[in-house]
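Visitor: I have not seen this structure before. Please show it to me, and then I will ask about the words used for it.

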Amino acid sequence: MADAVIVVALLLVAVSATAAVAVRDPVRQALVLAVLGVVLAVLFTVLQAPDVALSQLAVGSALTPLLLLLAVHKVKRRGRKEGRHR
């Protein structure tokens, strides 16, 4: 039973990682990266590493996608400002 759960978690990781690479829009990439972080946290929990899972939830599913979204927002805003001055 435990092996089946590990295989399912690994498949979910593979699918979400592939989706993160395949998506072209940076905002959607950040959202898929957040999903990947949650799936990795589930995998770490299944593998009995709850401390790593909590770290993954905090950094991989919350902080990193948030920073990416803020950076994309700032770049888009800067591009709009520079476009007006031309």
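What follows is a set of questions and answers on how the terms apply here.

Guide: This is a predicted model, in which local features need pLDDT of at least 70 and side-chain atom pairs count only at pLDDT 80 or more, while totals for chains, interfaces and linings use all residues. Residues are numbered from 1 along each chain as its sequence is written, and side-chain values use heavy atoms, with hydrogens and water left out.

Visitor: Why is Val 7 called partly exposed?
Guide: Buried means under 20% relative accessible area, exposed means over 50%, and partly exposed is in between, with a 1.4 Å probe and protein chains only. Val 7 has 46%, so Val 7 counts as partly exposed. This residue lies in helix α1, residues 2-22; helices are DSSP runs of H or I with at least four residues, numbered from the N terminus.

Visitor: What makes Gln 48 exposed?
Guide: Its relative accessible area is 71%, and therefore Gln 48 is exposed. Gln 48 lies in the loop between α2 and α3. Its phi is near 60 degrees, a positive value in a residue other than glycine.

Visitor: How do you know that the span of helix α2 is close to the expected one?
Guide: The expected span is 1.5 Å times one less than the number of residues. Helix α2, residues 26-46, has 21 residues and reaches 30 Å from its first C-alpha to its last, close to the expected 30 Å.

Visitor: What makes a nonpolar patch on the surface, and which residues form it?
Guide: Patch residues have over 30% relative accessible area and no salt bridge; nonpolar side chains (Val, Leu, Ile, Met, Phe, Trp, Tyr) are joined within 5 Å, like charges within 9 Å. A salt bridge is a side-chain nitrogen of Lys or Arg within 4 Å of a carboxyl oxygen of Asp or Glu. Val 59, Leu 63, Leu 66, Leu 67 and Leu 70 form the patch, with about 460 Å² of accessible area together, by the Shrake-Rupley method with a 1.4 Å probe. Leu 63 has a relative accessible area of 44%, so Leu 63 is partly exposed.

Visitor: Why is the other patch called positive?
Guide: Lys and Arg count as positive, and the patch is formed by Lys 74, Lys 76, Arg 77, Arg 78, Arg 80 and Lys 81. Arg 78 is in helix α3.

Methods
Helix = DSSP H or I, 4+ residues; strand = E, 2+ residues; numbered from the N terminus. Charge placed at Lys NZ, Arg CZ, Asp CG, Glu CD.
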